[in-house]
Amino acid sequence: MSATSRHALRAASVAERPRVWVSQPLFDDIVSRLHAYFDVVQAPDVREHDEAAIAAALREVDGALVTLNERIGEREIASAPKLRAVANVGVGYDNLDVGALQSRGIVATNTPDVLTETTADFGFALMMAAARRITESERHLRGGKWTGWNFKGLLGADLHRSTLGILGMGRIGQGIAKRASGFDMQVLYHNRSRLPADVEGAYKASYVDFDTLLARADHLVLVLPYSPQTHHIVDAAALAKMKPTATLTNIARGGIVDEAALAEALGSGRLAAAALDVFEGEPAVDPRLLALDNIVLTPHIASGSLSTRRAMVTLAVDNLIAALGAGPDAGRPPTPIVPVTQGGDAGKRAGAA
Ligand code: 8YV
């Protein structure tokens, strides 16, 4: 082979390297594994990409590593003819239109399991903070309002031996139930489908209908996926069914709760306290919630321990490499949202690189 044709061959193989877009700076040492297989285009800073920016970023790429900041649906992929895989860094994937991706043969993946325990820890911490008024008490102290020990000041509600309600009994819900047993809590849950008896037995959890869950929970935790069916499932009518002494904790997605109705319930004393890690318009937070004392507010950090965030990025990178038909698991991404069928369109594309 002549030097010219060798050069032409090398140039062609370089040109054929798949391209991927990384939508946010994540952990460079983990993301850099992509360089072995792909040309990587990475956003230089954390930002909210609008529809046009996402469409532009996807136009030339074969794959994308994205977070909940990027909404990817029909319009964003309309002019992305090469796109074959979208790896979401997160277990929730309401930012992806999975149907639209699937109908175009684009493999979508998420990061389940690796964040279960960390997120359950945080859900429990938030629930305790709301029940025992921890952040409110700290504001009181820091604000110089603690002028003497007060026997009846800042009294909260107990967790131990109370009734825990879990709406959404998936992996994270089960993680919370596991923690509750150490507090001798009675665990009630509601889920799309009832769990097998052995799983209920393992978590000492009893299935109840949604209204019973609302009525009986001393502490209600939301851990269900967000979808059109669960939008504002906790609305004014649902809140009215809760005990006035109860707390509500949301570590799922903001849109599950009608925030205006929640602010009204908390402000009027209809509900004792709440804790939110997620917001419908995040990063914007409803000023009516910000004005309340009986609410704990955190900026979507439930999965935010260093080791878990690193594990999430590692899994997403593994997914992207495999979904684009490279690496040791070529064509078999570890955690596809919809199983990759090798005969199907998505399967063919996954193995196509
Ligand atoms: C992530 C989350 O931090 O996994 C999820 O669904 O909500 C969070 O744990 C977030 O998705 C990052 O994209």
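Over the ring of which residue does the charged end of Arg310 sit? The charged end of Arg310 is placed over the ring of Phe27, 5.3 Å from its centre; the criterion is that NZ of Lys or CZ of Arg lies within 6 Å of the ring centre and within 35 degrees of the ring normal. The model is predicted, so local features need pLDDT of at least 70 and side-chain atom pairs count only at pLDDT 80 or more, while totals for chains, interfaces and linings use all residues. Residues are numbered from 1 along each chain as its sequence is written, and side-chain values use heavy atoms, with hydrogens and water left out.

The structure holds 4 aromatic pairs, defined by ring centres of Phe, Tyr and Trp (its six-membered ring) within 6.5 Å, with planes under 30 degrees apart counted as stacked, over 60 as edge-to-face and the rest as tilted. One of them is the tilted pair of Phe124 and Phe183, with 5.0 Å centre to centre and 50° between the planes. This pair links distant parts of the chain, since Phe124 belongs to helix α6 (residues 116-131) and Phe183 to the loop between α8 and β7 (186-190), 59 residues apart. Helices (H or I, at least four residues) and strands (E, at least two) are DSSP runs, numbered from the N terminus. Phe124 is buried at 5% relative accessible area, whereas Phe183 is partly exposed at 28%; buried means under 20%, exposed over 50%, and partly exposed in between (1.4 Å probe, protein chains only).

Gly173 lies in helix α8 (residues 171-181) and is buried, with a relative accessible area of 0%.
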